[in-house]
Amino acid sequence: MGIIVAVLTIRLDPQIAPRSKSLSIPLLLMALPILDTTIAVGSRILRGISPFEGGRDHLSHRLIRIGVSRELTAIILWSAAGVFGSLAVAIYHWPSTLGYPLMVSGAVAWIGLLIFFARIPSQDA
């Protein structure tokens, strides 16, 4: 999945106007890795741990912690990456008609996921 996201980030040449739509494409393609990093680093800083230290506070660990199976965790995270990737491709293909509504949808979804994952404890109780 990481290879696909990286290739799409490079291959989609977002020379679309206005610039905000052009900038949203790589952000949407990298939405899940950015979310994972934000959650893990934020959690470690709040607990007084170095953000460079490993831990079990990534998105996958949090889903498993609340009782989601490993298989379903993988499917959920792949699906979320697929949704954000689809939004990016749709903005690329239809910037003038769907650009802004899709950008807002992606931002709202990302913030919703941020709130959801931030509420799951970062370590076993």
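Student: How many aromatic pairs does the structure hold?
Tutor: One. Keep in mind that this is a predicted model.

Student: Which rings are in the pair, and how are they arranged?
Tutor: The rings belong to Phe116 and Phe117. Their centres are 5.1 Å apart. Their planes stand at 75°, so the pair is edge-to-face. Planes over 60 degrees apart get that label.

Student: Phe117: buried or exposed?
Tutor: Phe117 is buried, because its relative accessibility is 4% and the cut-off for buried is under 20%.

Student: And Phe116?
Tutor: Phe116 is partly exposed. Its relative accessible area is 40%.

Student: Zooming out, what secondary structure does the protein chain have?
Tutor: Six helices and zero strands. Along the sequence the pattern reads α-α-α-α-α-α.

Student: How much of the protein chain counts as buried?
Tutor: The figure is 34% of its 125 residues.

Student: How do α3 and α6 cross?
Tutor: Helix α3 covers residues 31-46, and helix α6 covers residues 95-119. Their axes come within 10 Å and cross at roughly 35°.

Student: Is that crossing left-handed or right-handed?
Tutor: The crossing of α3 and α6 is right-handed.

Student: Which residues meet there?
Tutor: From α3 you have Ala31, Ile34, Leu35, Thr38 and Ile39. From α6 you have Trp110, Leu113, Leu114, Phe117 and Ala118. By class, the contact of α3 with α6 has nine nonpolar residues, one polar and no charged.

Student: How far does α6 reach?
Tutor: From first C-alpha to last, α6 reaches 34 Å with its 25 residues. That is close to the 36 Å expected at 1.5 Å a residue.

Student: And where is Ile111?
Tutor: Ile111 is in helix α6. Ile111 is partly exposed, at 46% relative accessible area.

Student: New topic: Arg62. Which helix, and buried or exposed?
Tutor: Arg62 lies in helix α4, residues 59-65. With 3% relative accessibility, Arg62 counts as buried.

Student: What does Arg62 touch?
Tutor: Leaving out residues up to four places away in sequence, Arg62 touches Ile39, Ser43, Asp57, Phe117, Ala118, Ile120, Pro121 and Ser122.

Student: How far is Arg62 from Arg119?
Tutor: They are 57 residues apart in sequence. In space, C-alpha to C-alpha, the distance is 9.6 Å.

Student: Last one: where does Thr73 sit?
Tutor: Thr73 is in helix α5, residues 70-93. Thr73 counts as buried, at 3% relative accessibility. Setting aside neighbours within four places in sequence, Thr73 is in contact with Ser60, Leu63, Ile64 and Val68.

Student: Which other residues of α5 are buried?
Tutor: Among them are Leu77, Ala80, Ala81, Phe84 and Gly85. Leu87, Ala88, Ala90 and Ile91 are buried too.

Student: What about the span of α5?
Tutor: At 1.5 Å a residue, its 24 residues should span 34 Å. The end C-alpha atoms of α5 are 34 Å apart, which agrees.

How values were computed: Residues are numbered from 1 along each chain as its sequence is written. This is a predicted model: local features need pLDDT of at least 70, side-chain atom pairs count only at pLDDT 80 or more; totals for chains, interfaces and linings use all residues. Side-chain values use heavy atoms; hydrogens and water are left out. Rings of Phe, Tyr and Trp (its six-membered ring) pair if their centres lie within 6.5 Å; planes under 30 degrees apart count as stacked, over 60 as edge-to-face and the rest as tilted. Buried means under 20% relative accessible area, exposed over 50%, partly exposed in between (1.4 Å probe, protein chains only). Axes are lines fitted to C-alpha atoms, for helices over the stretch in contact, and angles run from 0 to 180 degrees between N-to-C directions. Helices (H or I, at least four residues) and strands (E, at least two) are DSSP runs, numbered from the N terminus. A crossing is left-handed if the near helix is turned anticlockwise from the far one by less than a right angle, and right-handed if clockwise. Contact means heavy atoms within 4.5 Å. Ala, Val, Leu, Ile, Met, Phe, Trp, Tyr, Cys and Pro count as nonpolar, Asp, Glu, Lys and Arg as charged, and the others, Gly among them, as polar. The expected span of a helix is 1.5 Å times one less than its number of residues.
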